[in-house]
Amino acid sequence: MADNPGQREKFERLLAERRRVFGEEHPETLTAMLDLADCLWAEGRLIAARRLEEQVVAGRRHRLGENHFDTLKAIGKLAVTMAAQGDLAEARLLQEGVVNGMRGLYGDTGLETLRAINNLAGTVSAQGDLERACELLEAVIATSCREFGEQHTNSLTAMGNLASILWQQGDRGEAHALQQHVVEIHRRLRGDGDQATRAAAEVLEMMERDAGF
């Protein structure tokens, strides 16, 4: 995990300054809290990150309401942290609320709605409900490809996530074919040196090593 004390100290100073100038619940202060939380997350300090994310959620709920976009995004971040800590049931409840909130704002086909469903699928998968996770991701892929195209980042992310779950289920041939397709699209769009291409290719190589392809 990344450990960059210099960057963390920069975010800590910025947050202290925002608190001094604007107060605890000002949007600028809450944004600075999230920036510091992201830095702490990267260092593996999830307890400290979660504490800040909970403050942001409380502040945005108070100032903006439950279904404001900024509140929903903060809740989504908090849910990801909770899931990483193993609080899967509570994280799933929060993510289901985010999905419903994004649907209210953007409809069933909105990018933010699809991203929220994608995140929910990850938690559902971590709970062991692979069949339900597949259903969620298949719906995201179908909608995202229809509305935004197969080459859209959201479509590729969902396809990669589905490939991983299919692999866990033992559908190795289908999982390999889907992951290979994802790699080919990344290579065509961004080249071999792109970070997303490399990450997708590493997953494909892992599958091939494990299955003896």
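This is a predicted model: local features need pLDDT of at least 70, side-chain atom pairs count only at pLDDT 80 or more; totals for chains, interfaces and linings use all residues.
Is Arg 115 buried, partly exposed or exposed? At 35% relative accessibility, Arg 115 counts as partly exposed. Good morning.

The side chain of Arg 115 meets that of Glu 112 in a salt bridge, with 3.2 Å from N to O. Both residues belong to helix α6, which covers residues 111–126. Because Glu 112 and Arg 115 stand three residues apart in that helix, about one helical turn separates them. Their surroundings may also be compared with the cut-off for burial. Glu 112 has a relative accessibility of 16% and therefore counts as buried, since buried means under 20%.

I turn now to two further pairs. Arg 19 and Glu 24 form a salt bridge through their side chains, at 3.1 Å from N to O. Arg 19 is partly exposed, with 31% relative accessibility, and Glu 24 is partly exposed as well, with 37%.

The second pair consists of Arg 61 and Glu 66, whose side chains meet in a salt bridge at 2.7 Å, again from N to O. For Arg 61, the relative accessible area is 35%, which places this residue in the partly exposed class. Glu 66 is likewise partly exposed, at 39% relative accessibility.

Salt bridges may also join several residues. Which residues are linked in a network of salt bridges? They are Arg 8, Glu 12, Glu 43 and Arg 45.

Notes. Residues are numbered from 1 along each chain as its sequence is written. Side-chain values use heavy atoms; hydrogens and water are left out. A salt bridge is a side-chain nitrogen of Lys or Arg within 4 Å of a carboxyl oxygen of Asp or Glu. Buried means under 20% relative accessible area, exposed over 50%, partly exposed in between (1.4 Å probe, protein chains only). Helices (H or I, at least four residues) and strands (E, at least two) are DSSP runs, numbered from the N terminus.
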